[in-house]
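Please read them alongside the coordinates.

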Amino acid sequence: MRLFLTGGNGEIGAAIRQRFQRAGYEVVAPRSSELDLDDPRGISSYLEASPGSFDAFVHCAGINQPKHFETIPLEEMERVLRINTLSFVRIAQLLSDGLKKRKGGHIVAISSIYGSFSREKRLPYSMSKHALNAAVKTLALELGPHGIYVNSVSPGFIDTELTRRNNDAATIEGFSKRTALRRLGAPADIAEVAFFLCSDANRYITGQDLIADGGYSVGGFQNA
């Protein structure tokens, strides 16, 4: 079994890579120096040069640079959309023939709770994740007749370097207190959801966004 994984060298991506490897998958997870997701032609060239087909594709790559919307150049917004969303669609296009030939497979996009909600200074990121969730729904409809499952996973606040870089300690403590489980998630928590969606245990879930946020979105927007 083979998995194509973008963003496999970040903290969540690494956890996903390790989870699939433990299950016996060969994981192809190019570094950004090998595959530039901001370059559609480069994506095509990379995959056309990669031998063999894949059983699953997980898109975990993404960028998030908080800024007030009035200060964000249009070119920067376009770059976020290309990396977070359009690269997912392009890779799915390039892998779809192989998945159809093997009469099934799995595609999973790592989205975000900001694909359902939003937050100040997250305009490009939230736009890209809303669009990513929309793409998942459409791909599920178009690929479902071929036995291909397409879903997304929306992490809440996960204890990663990026979370700690974009939020101060008091904010992080507040996030933790407002989850039903009273803790931030771990990268391995997201990896388990992604693996389940790509496994034989997933028999009837497609076109869905599974929110893995420890219960934050069902009550966390209330005051602690």
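Which residue in E6 is the bridge partner of Pro-155? It is Ala-212, and the points below place that pair in its sheet.

1. Basis of the note. This is a predicted model, in which local features need pLDDT of at least 70 and side-chain atom pairs count only at pLDDT 80 or more, while totals for chains, interfaces and linings use all residues. Residues are numbered from 1 along each chain as its sequence is written, and side-chain values use heavy atoms, with hydrogens and water left out.

2. The sheet. Six strands form an open sheet in the order E2-E1-E3-E4-E5-E6, with parallel pairing; its edge strands, each pairing on one side only, are E2 (26–28) and E6. From one strand to the next the twist averages 20 degrees. Helices (H or I, at least four residues) and strands (E, at least two) are DSSP runs numbered from the N terminus, and two strands count as paired if DSSP finds at least two bridges between them.

3. Strand E1. All five of the five residues in E1 (residues 2–6) are buried, where buried means under 20% relative accessible area, exposed over 50% and partly exposed in between (1.4 Å probe, protein chains only). Both faces are covered, with Arg-2, Phe-4 and Thr-6 on one side and Leu-3 and Leu-5 on the other. Three bridges join E1 to E2 in the parallel sense, with Arg-2 opposite Glu-26, and the chain crosses from E1 through H1 to E2 in a right-handed β-α-β crossover. A crossover is right-handed if, with the strands pointing away from the viewer, the path from the first strand over the helix to the second runs clockwise. E1 also pairs with E3 in the parallel sense over four bridges, and the bridge partner of Leu-5 in E3 is Val-58.

4. Strand E5. Seven of the eight residues of E5 (residues 148–155) are buried. E5 pairs in the parallel sense with E4 (residues 105–110) over six bridges, where Val-108 stands opposite Asn-151, and with E6 (residues 209–212) over four bridges, where Val-153 stands opposite Leu-210. E4, H4 (residues 123–143) and E5 make a right-handed β-α-β unit. Helix H4 lies across E3 (56–59), E4, E5 and E6, running at about 160 degrees to E5; axes are lines fitted to C-alpha atoms, for helices over the stretch in contact, and angles run from 0 to 180 degrees between N-to-C directions.

5. Ser-87. This residue of helix H3 (residues 74–101) is buried, with a relative accessible area of 1%. Not counting residues up to four places away in sequence, Ser-87 touches Leu-37, Ile-43, His-59 and Arg-82, contact being heavy atoms within 4.5 Å.

6. On a 1 Å grid over the protein atoms alone, a cavity is a set of points where a 1.4 Å probe fits but cannot get out, and a pocket is an open set with protein on both sides within 12 Å along at least five of seven lines; lining residues have an atom within 4 Å of a point. Grid points are joined across faces, edges and corners, and a volume is the space filled by probe spheres set on the points. The largest pocket has a volume of about 1200 Å³; of its 43 lining residues, the closest to its centre are Cys-60, Ala-61, Gly-62, Ile-63 and Leu-162. Helix H5 gives the most to this lining, with five residues.
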